[in-house]
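Please look over the sequence and the structure shown here before reading the briefing. The notes after it begin with a definition and then go through the model topic by topic.

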Amino acid sequence: MSTLPTVAILGRTPDTENYENILHRLGIPYHTTLDPESTETATHLLLPGGGDITPAFFGQSNHGSLRIDTELDILQFQALSLFAAKKKPVLGICKGLQIINVYFGGDITQHIDTADRHKWIGRDQMHYVYHSDVSRMDFFYQLYGSSTLVNSAHHQAINRPGKDLIPVCRAGDNVVEGLMHTTLPILAVQWHPERLPENAGESLFHYFLSPPDFPK
């Protein structure tokens, strides 16, 4: 008999409510914590959305970053380090994608020129993202084919991808919207699958929570 995965969400409540709701709906045990060491009892790590990363962590001064929470950044980096060292699955969402990118040595554009197309406007903005033609074996192509409609709520984006991270999809303005690690079971998206309508985001969570041969 297979054992259910368990997910650690490294974030602050109540900001993690939407992530908890989808895991509850999927019947997946989870716990939300600010203690990186307590994540080690979980099989999977979820790095949720939130404010912007402290720019010093990617070698810049602040010229556009908002809602900075340096303590949370450090805790998320620590949890990610523990999971990367043990080659355990990690999913980053929105800020989580950017945390993963910075952890592996990439950097961030602190305010993109096309921010109005991506920002939160009191409701989700919707737009298409397109496969980057990197590999038809990556998670984006397996789940969505050449393109899919996603939601958006961010004003920053990846500039330089981190070491061993490859973009698997981009928006029409060339903003990176999905990443995967080439050797570790780490993937990330810039959108918010946890709140897509009509359960449209559940396929990504099923992929993330699938058996240990992930990534496929």
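In what follows, Ala, Val, Leu, Ile, Met, Phe, Trp, Tyr, Cys and Pro count as nonpolar, Asp, Glu, Lys and Arg count as charged, and the others, Gly among them, count as polar. The model is a predicted one, in which local features need pLDDT of at least 70 and side-chain atom pairs count only at pLDDT 80 or more, while totals for chains, interfaces and linings use all residues. Residues are numbered from 1 along each chain as its sequence is written, and side-chain values use heavy atoms, with hydrogens and water left out.

**The sheet**

- Helices (H or I, at least four residues) and strands (E, at least two) are DSSP runs, numbered from the N terminus, and two strands pair if DSSP finds at least two bridges between them.
- Nine strands form an open sheet with mixed pairing, in the order E2-E1-E3-E4-E11-E10-E9-E6-E7.
- Strand E2 (30–33) and strand E7 (147–152) are the edge strands, each of which pairs on one side only.
- On average, and with direction ignored, neighbouring strands of this sheet are turned by 25° against each other, where axes are lines fitted to C-alpha atoms (for helices over the stretch in contact) and angles run from 0 to 180 degrees between N-to-C directions.

**Strand pairs**

- E1 and E2 pair in the parallel sense over four bridges, and Ile-9 has Thr-32 in E2 as its bridge partner.
- From E1 the chain crosses through H1 to E2 in a right-handed β-α-β crossover, a term that applies if, with the strands pointing away from the viewer, the path from the first strand over the helix to the second runs clockwise.
- Strand E6 (residues 125–131) pairs with E7 in the antiparallel sense over six bridges, and Gln-125 stands opposite Ser-152 in E7.
- E6 also pairs with E9 in the antiparallel sense, over three bridges, and here Tyr-130 has Arg-170 in E9 as its bridge partner.
- Strand E9 (residues 165–171) and strand E10 (residues 176–181) pair in the antiparallel sense over five bridges, and the bridge partner of Ile-166 in E10 is Met-180.

**Helices on the sheet**

- Helix H2 (residues 70–85) packs on the sheet and touches strand E1 (7–10), strand E3 (44–47), strand E4 (90–93) and strand E11 (186–189), where contact means heavy atoms within 4.5 Å.
- Helix H3 (residues 95–103) packs on the sheet as well, touching E3, E4, E9, E10 and E11, and its direction makes about 120° with that of E4.

**Loops**

- Thr-13 and Pro-14 are joined by a cis peptide bond with an omega of about 5°, and Pro-14 is found in the loop between E1 and H1.
- Arg-67, in the loop between E3 and H2, has a positive phi of about 50° although it is not a glycine.

**The largest pocket**

- The lining of the largest pocket has seven nonpolar, 12 polar and eight charged residues.
- Helix H1 (17–25), H2 and H3 each supply at least two residues of this lining.
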